[in-house]
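Colleague: Could we go through this model together? I would like to take it topic by topic.

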Amino acid sequence: VAGPVRCADCGVVYANGRWQRASAPEGIASGLCPACHRIRDRLPAGQVILDGPFVPAHREELLRIARNEAEHEESQHPLHRIMQIDERDEAVTIATTDIHLPQRIGEAVKRACRGELEVRYGSDEYSVRLHWRR
């Protein structure tokens, strides 16, 4: 990306070599940030799967933990976001735009609710899948 750009979807600004939440100067070019590209393409970099008999009774708590971690992460890194949350009977799948947020979510859930956490990196090194179960 050359020069300042404002994401047409989410409004983050690319300036000084990084994407950030900032006010956009007049006449700035418009484009899409990498996170919005992933969202449009439905191509998550990370996935957190929360499953097991513990999930149905504690679904709201688990989702609150995930959303709190996402909010904190996005405040520092605006390209690290939850893309989608898919809720099923005994499982919740959270898709993210990066590989760091799933790790934060998985560790936070494990700290708060115990359980088992398994981490698998993709062969491309820029994808991760975390599976938490209790």
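Colleague: To begin with, is His100 buried, partly exposed or exposed?

Modeller: His100 is partly exposed, at 41% relative accessibility. The classes are buried for under 20% relative accessible area, exposed for over 50% and partly exposed in between, with a 1.4 Å probe and protein chains only. Please bear in mind that this is a predicted model, in which local features need pLDDT of at least 70 and side-chain atom pairs count only at pLDDT 80 or more, while totals for chains, interfaces and linings use all residues. Residues are numbered from 1 along each chain as its sequence is written, and side-chain values use heavy atoms, with hydrogens and water left out.

Colleague: Where is His100 found, and what does His100 touch?

Modeller: His100 belongs to helix H3, residues 100-113. Helices (H or I, at least four residues) and strands (E, at least two) are DSSP runs, numbered from the N terminus. Setting aside residues up to four places away in sequence, His100 is in contact with Glu73 and His80, where contact means heavy atoms within 4.5 Å. His100 and His80 are 20 residues apart in sequence, with their C-alpha atoms 7.5 Å apart in space.

Colleague: And Thr97, where is its place?

Modeller: Thr97 sits in the loop between S7 and H3. Thr97 counts as buried because its relative accessibility is 5%. Beyond its neighbours within four places in sequence, Thr97 contacts several residues, among them Ala35, Leu79, His80 and Met83. Arg81 is also one of those contacts, and its backbone nitrogen lies 2.9 Å from a polar atom of the Thr97 side chain. A polar contact is a pair of N or O atoms within 3.5 Å; within protein, one must be able to donate a hydrogen and the other to accept it, and residues adjacent in sequence count only if both atoms are side-chain atoms.

Colleague: Which residue forms a salt bridge with Arg81?

Modeller: Glu74 does, with the closest N and O atoms 3.8 Å apart. A salt bridge here is a side-chain nitrogen of Lys or Arg within 4 Å of a carboxyl oxygen of Asp or Glu. Arg81 is buried at 8% relative accessibility, whereas Glu74 is partly exposed at 22%.

Colleague: How many salt bridges are there by this rule?

Modeller: The count is nine. One of them joins Arg120 to Glu118 at 2.7 Å, N to O. Arg120 is exposed at 55%, and Glu118 is partly exposed at 33%. Shared partners also link Arg21, Glu74 and Arg81 into one network of salt bridges.

Colleague: Changing topic, how do S6 and S7 run?

Modeller: Strand S6 (residues 82-87) and strand S7 (residues 91-96) run antiparallel and are joined by five bridges. Two strands pair if DSSP finds at least two bridges between them. Gln84 stands opposite Ala95 in S7, and a hairpin of three residues connects S6 to S7.

Colleague: In what order do the four strands of the open sheet come?

Modeller: The order is S3-S2-S1-S4, with mixed pairing. Strand S3 (18-20) and strand S4 (29-31) are the edges, each pairing on one side only. Neighbouring strands are turned by 35° against each other on average, direction ignored; axes are lines fitted to C-alpha atoms, for helices over the stretch in contact, and angles run from 0 to 180 degrees between N-to-C directions.

Colleague: Which residue in S2 is the bridge partner of Val5?

Modeller: That is Tyr14. Strand S1 (residues 5-7) and strand S2 (residues 13-15) pair in the antiparallel sense over two bridges.
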